[in-house]
Amino acid sequence: MTDLLSPAERRRLDDGDDARFYDRPRFVHHVDEGFRDRLARLYADLLGPGDDVLDLMGSWVSHLPDVEFGRVVGHGLNARELAANERYDEWFVQDLNADPELGFADTSFDAVTCAVSVQYLQYPGRVFAEVARVLRPDGVCVVSFSNRMFVGKAVRAWRERDMDERADLVCRYLDSTGAFEPPEVVREVPERDPFYAVVARRRA
């Protein structure tokens, strides 16, 4: 399968083993409170009671609103972080750069979220094709990001773009699947960290 990024674009400054890099848990916030509050409000607008949610590339916090979801499945690269997330009903560890296939049946979720982590995907076309597959018709995908990152692990295509160009890149990831309605980009600066979110609905 041909992916969206060329070998040069997916290159990272630190191409060492990801499992080793993420082996130590980081119980810190990667964005400021203004960003986190804005993301929680966006989720509250888009997600509802009973929804089944897949939180990709997550950690010990998921910024989900105080809503009784059907089930919340977390994914990430550090088991201790995922186990500490009180919103997850279940979770799994998987390196999406090595294995982008999600082990769920088609149309398993009403929402897929990915917060401040999309910059690390080396094969985004494959991952977002899987996101489209596991989403139900009219399900929503929410990809949020700011200007912070582990620079060594971010792909070159991300590092060399400005914030608006990064939003365009995420839109391209979603559009490449042919499964989503035109994405909407939310741009704000609620505190210090710029808040960007790309929101797209799975076509019915």
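Predicted model: local features only at pLDDT ≥ 70, side-chain atom pairs only at ≥ 80, totals over all residues.
Residues are numbered from 1 along each chain as its sequence is written, and side-chain values use heavy atoms, with hydrogens and water left out.

**Stop 1: the cavity**

Select Leu56, Met57, Val112, Cys114, Leu121, Val127, Phe128 and Val131, which line the largest cavity. A cavity here is a set of points, on a 1 Å grid over the protein atoms alone, where a 1.4 Å probe fits but cannot get out, and lining residues have an atom within 4 Å of a point. Grid points are joined across faces, edges and corners, and the volume is the space filled by probe spheres set on the points. The structure holds 1 cavity of 30 Å³ or more.

Colour the lining by class and you get 8 nonpolar, no polar and no charged residues. Nonpolar covers Ala, Val, Leu, Ile, Met, Phe, Trp, Tyr, Cys and Pro; charged covers Asp, Glu, Lys and Arg; the others, Gly among them, are polar. Helix 4 gives the most to this lining, with 3 residues, and strand 4 also supplies at least two. Helices (H or I, at least four residues) and strands (E, at least two) are DSSP runs, numbered from the N terminus.

**Stop 2: helix 4**

Now select 124-134, which is helix 4. The helix is mostly covered, with 8 of its 11 residues buried. Buried means under 20% relative accessible area, exposed means over 50%, and partly exposed is in between (1.4 Å probe, protein chains only). Pick out Pro124, Gly125, Val127, Phe128, Glu130, Val131, Ala132 and Val134 to see the buried set. Those residues pack against strand 1, strand 4, strand 5 and helix 6.

**Stop 3: the cores**

Which residues have the most contacts inside the largest nonpolar core? Show Leu54, Val118, Phe128, Val131 and Phe180; the core has 41 residues in total. A nonpolar core is a set of buried Ala, Val, Leu, Ile, Met, Phe, Trp, Tyr and Cys residues joined through side-chain atoms within 4.5 Å. Elements giving two or more residues to this core include strand 1, strand 4 (109-115), helix 4 and strand 5 (135-145). Helix 6 gives the most, with 7 residues. Apart from this core lies another, of 22 residues, among them Phe35, Phe69, Ala111 and Val116.

Stay with Phe180 for a moment. Leaving out residues up to four places away in sequence, Phe180 touches several residues, including Val131, Leu135, Cys141, Leu174 and Ala200; contact means heavy atoms within 4.5 Å.

Then jump to Cys171 in helix 6. At 12% relative accessibility, Cys171 counts as buried. Beyond four places in sequence, Cys171 touches Pro183, Val185 and Val198. Draw a line from the C-alpha of Cys171 to that of Glu184: these residues are 13 apart along the chain, and the atoms are separated by 8.3 Å.

**Stop 4**

Go to Asp52 in strand 1. Is Asp52 buried or exposed? Asp52 counts as buried, because its relative accessibility is 15%. The side chain of Asp52 makes a polar contact with the side chain of Arg136 at 3.0 Å. A polar contact is a pair of N or O atoms within 3.5 Å; within protein, one must be able to donate a hydrogen and the other to accept it, and residues adjacent in sequence count only if both atoms are side-chain atoms. Check Arg71 as well: its backbone nitrogen lies 3.1 Å from a polar atom of the Asp52 side chain.

Step back to Gly50, in the loop between helix 2 (33-46) and strand 1. Gly50 counts as partly exposed at 44% relative accessibility. Neighbours within four places aside, Gly50 is in contact with Glu68, Phe69, Gly70 and Asp110.

**Stop 4: two positive phi values**

Most residues other than glycine have a negative phi. Select Met57, which has a positive phi of about 55° although it is not a glycine. Met57 lies in the loop between strand 1 (52-56) and strand 2 (71-76) and is buried, with a relative accessible area of 18%. Finish at His63, found in the loop between strand 1 and strand 2. The phi of His63 is near 65°, and His63 is buried at 19% relative accessible area.

Key:
1 Å grid on protein atoms, 1.4 Å probe; cavity = no way out; pocket = protein on both sides within 12 Å on 5 of 7 lines; lining within 4 Å.
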